[in-house]
Amino acid sequence: LTPSRDPGLHLDFRSGRRWLAEEVTRRKQLDDRVTVLNTFSNTCTAGVMAAGAGASAVLNLDVSDTCLADGQRNAALNHIEIETVRYDAIPAMRMFAGVAISQDRRGGGQSKAPTVRGSTPTLTPKKLKPRRFSVVVLDPPTFAKGAFVVDIVRDYNSLLKPALLALEEGGAILATNHAAQVQMEDWKNACIRCAEKCGRPLIADPEVVKPDDDIPIRPGTEGHLLKMLVLRI
């Protein structure tokens with residue numbers, strides 16, 4: 001590996017993946033049906049962890065065919081099955097939540113037609129059917145241009161609101177924030193307000209998931225560590 005290579009497996013999110021596996025296991029003891037939506041899934045490592053822990057269905061969303069193909073290989077190497085769908089996360093979550101889709105005025109053009117990668121190639125309809133999930137993994141990049149702009153510094157709510165609406169009652173979101181300039185307390189309070197405003201108030205204070213202590217960081221950059229919150233409705 002060199003600095004110019006992205007391995008598709010991020011060490012600072014390791015504790016988040018571990019939380020996800022433990023959450024799926026806990027929920028399986030109460031209900032055999034545990035569904036997981038993994039947004040911005042990259043190479044689907046979180047989805048593979050969820051499926052390995054016994055989730056009954058895992059749907060991974062990403063705009064990169066290459067990443068999703070790697071995700072399917074990761075799943076096959078672990079002898080498990082996952083679903084991978086090439087789709088922008090924001091409109092996909094809105095459709096799952098049954099919310100009308102409108103073009104993001106901040107974006108630059110129309111969304112690309114979605115395609116599905118899996119063991120049996122099939123066509124994805126232009127619209128995704130409404131469905132709810134037990135757990136949503138919301139792990140967006142700091143900023144991304146497209147038909148629907150991602151900007152977690154200025155507008156995290158545009159991601160969080162549809163994720164909350166796509167949860168089933170009693171569901172949970174594992175949310176991340178990669179922006180060093182965003183303070184944990186400010187982000188936490190913003191998440192609480194967003195949940196209240198969209199009619200899905202949290203049933204408890206957000207839980208903080210910290211990166212593992214052995215994550216290598218340069219002195220003086222501790223505030224740049226990945227921030228993670230668990231939001232339960």
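Let me begin with one term: a residue counts as buried under 20% relative accessible area, as exposed over 50%, and as partly exposed in between. Asn 42, at 22% relative accessibility, therefore counts as partly exposed. Keep that scale in mind, because buried and exposed will come up a lot today. And please remember that what we have on the screen is a predicted model.

Asn 42 is a residue other than glycine, and yet its phi is positive, near 55°. Phe 40 also has a positive phi, about 50° in this case, although Phe 40 is not a glycine either. Where does Phe 40 sit? Phe 40 is found in the loop between strand S1, residues 35–39, and helix H2, residues 45–52. With a relative accessible area of 18%, Phe 40 is buried, whereas Asn 42 is partly exposed.

Now let me step back for the overall view. The protein has 6 helices and 10 strands. It runs to 233 residues, and buried residues make up 49% of them. If you take the contacts between residues at least 6 apart in sequence, 73% of them join residues at least 24 apart.

That brings me to the charged pairs. How many salt bridges does the structure hold? The count is 14. I'd like to walk you through three of these.

One is between the side chains of Asp 214 and Arg 14, at 2.4 Å from N to O. Asp 214 lies in the loop between strand S9, 207–208, and strand S10, 227–232, while Arg 14 is in helix H1, residues 14–28, so this pair ties together parts that are 200 residues apart in sequence.

Next, please find Arg 232 and Glu 23. They form a salt bridge too, with the closest N and O atoms 2.8 Å apart. Arg 232 lies in strand S10 and Glu 23 in helix H1, so here the parts tied together are 209 residues apart in sequence. Buried or exposed, what is Glu 23? Glu 23 counts as buried, at 3% relative accessibility. Arg 232 counts as buried as well, at 17%.

An α-helix has 3.6 residues a turn, so residues three or four places apart point the same way. Asp 70 counts as partly exposed, at 25% relative accessibility.

Salt bridges can also share partners. In this way Glu 23, Arg 26, Arg 27, Glu 207 and Arg 232 are joined into one network.

On to the cysteines. How many disulfides does a search of the whole structure find? It finds 0. Take Cys 44, which is in no disulfide: the nearest cysteine sulfur belongs to Cys 67 and is 8.0 Å away. Cys 44 counts as buried, at 0% relative accessibility. Then there is Cys 194, whose sulfur is 5.1 Å from the closest cysteine sulfur, in Cys 198, and that is too far for a bond. The cut-off for a disulfide is a sulfur pair within 2.5 Å. Cys 194 is buried, with a relative accessible area of 5%.

Helix H5, residues 157–165, and helix H6, residues 184–197, pack at an angle of about 50°, with their axes 10 Å apart. H5 and H6 are therefore oblique to each other. The crossing of H5 past H6 is right-handed. Which residues make the contact? From H5 they are Asn 157, Leu 160, Lys 161 and Leu 164, and from H6 they are Ala 190, Cys 191, Cys 194 and Ala 195.

H5 itself is mostly covered, with 7 of its 9 residues buried. Among the buried ones are Leu 159, Leu 160, Pro 162 and Leu 164. The buried residues of H5 pack against several elements, including helix H4, 89–96, strand S5, 133–138, strand S8, 167–177, and H6.

Technical notes:
Residues are numbered from 1 along each chain as its sequence is written. This is a predicted model: local features need pLDDT of at least 70, side-chain atom pairs count only at pLDDT 80 or more; totals for chains, interfaces and linings use all residues. Side-chain values use heavy atoms; hydrogens and water are left out. A salt bridge is a side-chain nitrogen of Lys or Arg within 4 Å of a carboxyl oxygen of Asp or Glu. Helices (H or I, at least four residues) and strands (E, at least two) are DSSP runs, numbered from the N terminus. Buried means under 20% relative accessible area, exposed over 50%, partly exposed in between (1.4 Å probe, protein chains only). Axes are lines fitted to C-alpha atoms, for helices over the stretch in contact, and angles run from 0 to 180 degrees between N-to-C directions. Angles under 35 degrees count as roughly parallel, over 145 as roughly antiparallel, 65 to 115 as roughly perpendicular and the rest as oblique. A crossing is left-handed if the near helix is turned anticlockwise from the far one by less than a right angle, and right-handed if clockwise. Contact means heavy atoms within 4.5 Å.
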